[in-house]
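Thank you all for making the time this morning. I would like to walk through one model with you, and I will begin at the end of a helix before I move out to the whole chain.

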Amino acid sequence: MLLLKNGYMTDPASGTEGYRDILIDTDSGKIVKIVPQGAPVCENTVCDGFVEDIDLKGQIVAPGLVDVHVHFRDPGFTHKEDIHTGAAAAARGGFTSVVLMANTKPAVDNSETLAYVLNKGKETGIHVHTCANVTKGLLGKELTDMERLSEQGAAGFTDDGIPLMDESLLRAALQRAAKCGKPVSLHEENPALIANNGVNAGKAAAHYGIGGSPREAEISMVERDLRIAAQEEADLSIQHISTKEAVELVRQAKKKSSHIFAEAAPHHFTLTQEAVIRYGTLAKMNPPLREEADRLAVIEGLRDGTIDMIATDHAPHSAEEKAKPLTEAPSGIVGLETALSLGIRELVDKGYLSMMELIEKMSLAPAKLYRLAAGYLREGGPADLVVFDPKREWVVRDFASKAANSPFVGETMPGVVSYTICGGKIVYRG
């Protein structure tokens with residue numbers, strides 16, 4: 001048994017906010033009791049056996065965070081990250097559940113690779129789920145056996161990193177995914193409009209003397225795909241939204257359909273294209289960092305519910321890869337270990353979201369979309385929790401991830417994770 005005492009419980013599922021003591025059965029991985037602070041928790045035979053007490057001293061205790069957009073690079077690119085190091089980074093950041101993207105090598109377009117990823121995920125201390133590919137080989141030409149992959153445990157479907165250009169293929173994919181009860185998540189950038197990916201076609205691109213990636217590349221794809229998804233009544237998630245126009249398109253689409261969802265990455269509500277000028281390849285990402293008006297639109301989308309969830313797009317790369325010239329270096333930054341702190345600093349401390357709303361967007365909302373048993377705290381429910389001090393500060397330095405490609409290195413941030421508990425076991429102790 002594990003007793004968490006004097007924690008400030010913040011649970012978006014029940015709306016509970018206040019001091020509670022939480023008793024956990026470490027064998028079953030379930031929450032046994034949640035009682036007001038100081039109330040008797042061990043009654044009858046509930047506490048038979050050893051009970052470890054941890055005094056949280058008023059720190060926030062919340063559902064374990066859920067990230068539905070991460071890259072663990074395994075199989076195929078394990079010099080960047082693997083499932084074990086990715087899971088360690090997740091635990092350090094307070095995440096107890098993750099959904100992996102499927103652009104691995106081989107891709108997760110077959111039963112064998114899917115089983116490899118899921119089985120290796122079971123060796124970690126957290127819940128590792130994965131999407132499967134929409135198309136075979138990420139080629140955008142032929143759909144995978146979505147029904148079979150769903151039955152074998154795929155959490156959803158995506159060709160993340162590669163947009164689906166064939167409208168009829170996307171329509172068919174949405175139809176089949178809907179029958180499986182799984183979402184389709186889309187990377188929304190039309191490659192035909194992009195001269196150089198990862199850099200906004202504006203001030204940043206001009207600074208480097210390149211064409212960059214225009215906002216129209218995202219806007220045009222979002223507009224098309226929202227229309228198709230509404231017609232098919234299939235769950236569609238717009239990944240890492242970056243432009244004010246796309247936010248507004250989602251806002252209007254949600255008025256007509258309950259099947260439309262969107263995610264925002266912490267870097268898109270924190271940084272603008274000026275970061276690319278300052279940090280170079282460490283701030284190169286797809287879609288790119290854009291203008292201040294876009295950053296504020298993403299924040300407003302989170303505030304008014306247009307954007308349902310926060311997802312990191314954790315994208316590790318080696319130092320050697322990021323040391324290449326801007327137009328040759330890969331896009332993406334690591335994000336699992338800084339996401340909670342950025343949410344606190346940029347959204348809560350600045351008054352855009354309450355702490356409850358932040359936790360909802362980082363746990364309950366993504367869990368609901370992917371039908372995961374996560375994102376809530378209740379008796380009999382999973383003992384997946386994060387404990388953190390929102391006021392205590394830390395300096396971004398060392399990472400549990402294999403990679404350190406982040407423009408936030410060296411910054412002081414609020415929000416120190418003290419414990420990550422998954423399945424009743426402490427998987428990270430700060």
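Predicted model: local features only at pLDDT ≥ 70, side-chain atom pairs only at ≥ 80, totals over all residues.

Residues are numbered from 1 along each chain as its sequence is written, and side-chain values use heavy atoms, with hydrogens and water left out. Helices (H or I, at least four residues) and strands (E, at least two) are DSSP runs, numbered from the N terminus.

H6 itself covers residues 216-232, and its 17 residues should span 24 Å at 1.5 Å a residue, which agrees with end C-alpha atoms that are 24 Å apart; the expected span here is 1.5 Å times one less than the number of residues. Among its buried residues are Ile219, Met221, Val222, Leu226 and Ile228, but also the side chains of Glu218, Arg224 and Asp225 belong to residues on that list. Buried means under 20% relative accessible area, exposed over 50%, and partly exposed in between, with a 1.4 Å probe and protein chains only. What covers the buried residues of H6 includes helices H4 (167-180) and H7 (244-254), together with strands S10 (184-186), S11 (236-238) and S12 (260-264).

Three of those names return in an open sheet of five strands, whose order is S9-S10-S11-S12-S13 with parallel pairing. Its edge strands, S9 (157-158) and S13 (309-310), each pair on one side only. Two strands pair if DSSP finds at least two bridges between them; S10 and S11 do so over three bridges, in the parallel sense, and the bridge partner of Leu186 in S11 is Ile238.

Let me turn to strand S1, residues 2-11, which is mostly covered, with seven of its 10 residues buried. Eight bridges join S1 to strand S2 (residues 16-25) in an antiparallel arrangement, where Gly7 has Arg20 as its bridge partner. The hairpin of S1 and S2 has four residues between the strands, and in it Gly15 takes a positive phi near 80°. S1 also runs parallel to strand S4 (residues 52-55), to which four bridges join it, and parallel to strand S5 (residues 60-63), over two bridges. In S5, Val61 is the bridge partner of Met9.

How many aromatic pairs does a search of the whole structure find? The search finds one, and the rings of Tyr8 and Tyr19 have their centres 5.0 Å apart and their planes at 75°, so the pair is edge-to-face. Rings of Phe, Tyr and Trp (its six-membered ring) pair if their centres lie within 6.5 Å, with planes under 30 degrees apart counted as stacked, over 60 as edge-to-face and the rest as tilted. Tyr8 counts as partly exposed at 24% relative accessibility, and Tyr19 is partly exposed at 40%.

Helix H12 (residues 339-348) has 10 of its 10 residues buried, so it is largely enclosed by the rest of the structure.

Finally, for the whole protein, there are 13 helices and 16 strands, and buried residues make up 61% of the 430 residues. The C-alpha trace spans about 65 × 45 × 45 Å along its principal axes.

Notes. Contact = heavy atoms within 4.5 Å.
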